[in-house]
Every structure is written in structure tokens, then in C-alpha cells.
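Welcome to a short tour of one protein model. Have the sequence and the 3D view open, and we will walk through a few of its parts together.

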Amino acid sequence: MTDWTPAAAPQASRTTRDPGARAPKIEPPLIEVQGLRKTYRTARGELHLFADLHLSVHPGEMVAIVGQSGAGKSTLLHILGALDAPSAGTVYCASTNVAELSSRKAAEFRNREIGYVWQFHYLLPEFSAQENVALPLLARGVRKAEAMAMAANWLREVDLDDRRTHRPGELSGGEQQRVALARALVNQPRLLLADEPTGDLDEATAARVFDLVQRLHQDHRLTSVLVTHNLDLASRCTRVLRLEGGRLVTPPALSHPLPPPGN
Ligand SMILES: Nc1ncnc2c1ncn2[C@@H]1O[C@H](COP(=O)(O)OP(=O)(O)OP(=O)(O)O)[C@@H](O)[C@H]1O
Ligand SMILES: [Mg+2]
């Protein structure tokens, strides 16, 4: 089975009672990947990672990607987020052909459209939580006082109001990842890409951070793609795809739809 079939798409319903009513708008996919291939040239020859991989993700979906270590999950997220280039195929992300971006345009695209969260938080150790969250705003030219005020709001949003002045080394693992989430979303991107965001946390903390990801996804009407090894957490997403043999396939027992955002 492929990762996407028209029957599985979130179709808007049409009414036959009121032919004059305008048909509800069906939004196009926010991510559309066709025929993706990635080849790494290594000392031992070429490594072909994907086999004409296809993926469509519609606005509001929260898609989990699972698969064995080395399957290419991180590479796929890097390509979606314009951090790595495909070898072949088309990759449209937020109406942008990411393969055609120059490195400067790719950086602008990431700053504007993508919130990225990794397994390790990558917060800057010498800055406070609030300063770390403010950095993406400063990078796009927001004045410092305004950036710090917005960062404070985001720390409130992830329940860390009382940890603003703490440096990353003075925060717990779950708190560090909540700061990383605030930093990822402070520029109000449309897309959240998360690579094992709970992978470095104990089970209870992972569940709490995942609850937060789910709440932020819904409250901010995000479209999210999450890589995880945790099948319990994956099953709470709108769709689960397994990366296997270079393609994305749907494991039959793992799809438990979330309500659409706003409901
Ligand atoms: N820059 C690179 N050069 C050569 N090979 C690479 C490069 N980056 C990744 N690879 C290889 O591509 C394969 C996929 O790597 P990737 O990190 O995407 O896997 P993954 O599915 O995220 O694995 P994990 O679950 O362990 O994080 C691996 O075999 C890796 O060694
Ligand atoms: Mg990985």
C-alpha cells in the first residue's frame, strides 16, 4: 500500500440540498513529495536511500514516521526542511520547491515556514531560556525588546514562565525540550518537523512533552511531521507511515485519527 490514497484524504463534504451554496474549499497538500531519491556517495560506493518515495501531507495533519534505524527518516525530514537536497524528484513544502532554493533562500524559508525540533535540544548554553527562544526573532530583524516579550509569551505557552532566566544546563531534559519547542514555533511557522523529539526523555516525561506537541499542533493549526520510535506516541497522530525499503507504507493497525484542528 502507498502512503497516500485519494480515499484517505480529508475530503470536505458536499451538500446536494443547496446547489447554490459554494462548495467548501479543499485545501491542497502542504507537503507534496513525488519520486524522491537520495544518493550518498561514500568510500564504499553509492548509497541509494529512497525508491521513488511519495508523500502528501494536508494542512492540519499530524503524521508520524516510524522505521528502522538507518531507514532514512532523518534524511527525509532534512530534505523537507531544506537542510539537505534531494538527488531526484520534486519536493514541495509550503508551496515552495525546496530543491531549487539557494542556501540564503533556504535559510529564509526555514526561518519563516518551518519549526524544527531534534532529539537533542541544541539550545545555546550561555543564553537564558528566554534569550534562546528570542534568537529566531532576532535573526529576522525583530527588535530586542519585542523579541524578548514574544519569547516570554512562548515560554508561558509551554508552562515555563518561572524558568525564563534559567540557562539550558539549569533545566531538566523535559524543560529543555519545551524551550526547544517554543524556539521552533516563535516565528509562527506553518510546519512543525520533529525528529525523535521525545527520544532522549524517560517514558513519563516523553508522554508529557508529546501532550504539549499535540496541544501546540492543534492550538496553532500546525501541520506536523514527527519521526519517532515510540509506537504508542505514533498511534496518537492522525496518520502513521513506516519508512521501509525506501518507501512510505501504512501499517494497518496504527492509524487513530485526531479530531481536525479547531474542533
Ligand atoms: N551525509 C551522509 N553521507 C553518507 N551516508 C549518509 C549521510 N547521512 C546519512 N547517511 C546514511 O543514510 C542512512 C539513513 O540515515 P538517517 O540518519 O536518515 O537514518 P534514520 O532512519 O534517521 O536512522 P535513526 O533511526 O538511527 O535515526 C544511514 O545508513 C546513514 O549512514
Ligand atoms: Mg534519525
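Let us begin with β4, where four of the five residues are buried, so the strand is largely enclosed by the rest of the structure. Please keep in mind as you look around that this is a predicted model.

β4 belongs to an open sheet of four strands, arranged in the order β4-β1-β6-β7 with antiparallel pairing. β4 (53-57) and β7 (96-97) are the edge strands; each has a single partner, so one side of each lacks a neighbour in the sheet. The partner of β4 is β1 (residues 31-37), and the two are joined in the antiparallel sense by four bridges. To find this pairing on screen, look for V33, whose bridge partner in β4 is L55.

## The surroundings of ligand 1

Which residues surround ligand 1? The shell is made up of Y40, T42, L47, L49, G67, S69, G70, A71, G72, K73, S74 and T75. Two elements, β2 (39-42) and α1 (73-80), each give two or more residues to this shell. α1 gives the most, with three residues.

By residue type, the shell holds seven polar residues, four nonpolar ones and one charged residue.

Now move along to α6, a helix of 17 residues (203-219). From its first C-alpha to its last it reaches 24 Å, close to the 24 Å expected at 1.5 Å a residue. Its buried residues are A206, V209, F210, L212, V213, L216 and H217. They cover an arc of only 155° around the axis, which puts them on the same side of α6. As background, an α-helix has 3.6 residues a turn, so residues three or four places apart point the same way.

What lies on the other side of α6? There, A204, D211, R215 and D219 are exposed. The buried residues, for their part, pack against β5 (62-66), α5 (173-185), β9 (191-195), β10 (223-227) and α7 (231-234). Just after the helix, R221 takes a positive phi of about 50°.

## Helix α5, mostly covered

One of the packing partners of α6 is α5, which deserves a visit of its own. This helix has 13 residues and reaches 19 Å from its first C-alpha to its last, close to the 18 Å expected at 1.5 Å a residue. α5 is mostly covered, with eleven of its 13 residues buried. The buried residues include E175, Q176, R178 and R183, along with V179, A180, L181 and L185.

The neighbours against which these buried residues pack are β8 (114-117), α3 (129-139), α4 (144-157), β9 and α6.

## An exposed arginine in a loop

Our last stop is R140, in the loop between α3 and α4. Is R140 buried or exposed? R140 is exposed, with 11 other C-beta atoms within 10 Å, where 12 or fewer count as exposed.

Even so, R140 has contacts from elsewhere in the chain: leaving aside neighbours within four places in sequence, R140 is in contact with N111 and N187. R140 and N187 are 47 residues apart along the chain, and their C-alpha atoms are separated by 9.0 Å.

Note on methods: Residues are numbered from 1 along each chain as its sequence is written. Chains are lettered from A and ligands numbered from 1 in the order in which they are written. This is a predicted model: local features need pLDDT of at least 70, side-chain atom pairs count only at pLDDT 80 or more; totals for chains, interfaces and linings use all residues. A residue is near a molecule or strand if its C-beta atom, placed from the backbone, lies within 6 Å of it. Ala, Val, Leu, Ile, Met, Phe, Trp, Tyr, Cys and Pro count as nonpolar, Asp, Glu, Lys and Arg as charged, and the others, Gly among them, as polar. The expected span of a helix is 1.5 Å times one less than its number of residues. A residue is buried if 20 or more other C-beta atoms lie within 10 Å of its own, exposed if 12 or fewer, and partly exposed in between; C-beta atoms are placed from the backbone. The arc is that of the directions from the helix axis to the C-beta atoms. Two residues are in contact if their C-beta atoms, placed from the backbone, lie within 7 Å. Two strands pair if DSSP finds at least two bridges between them.
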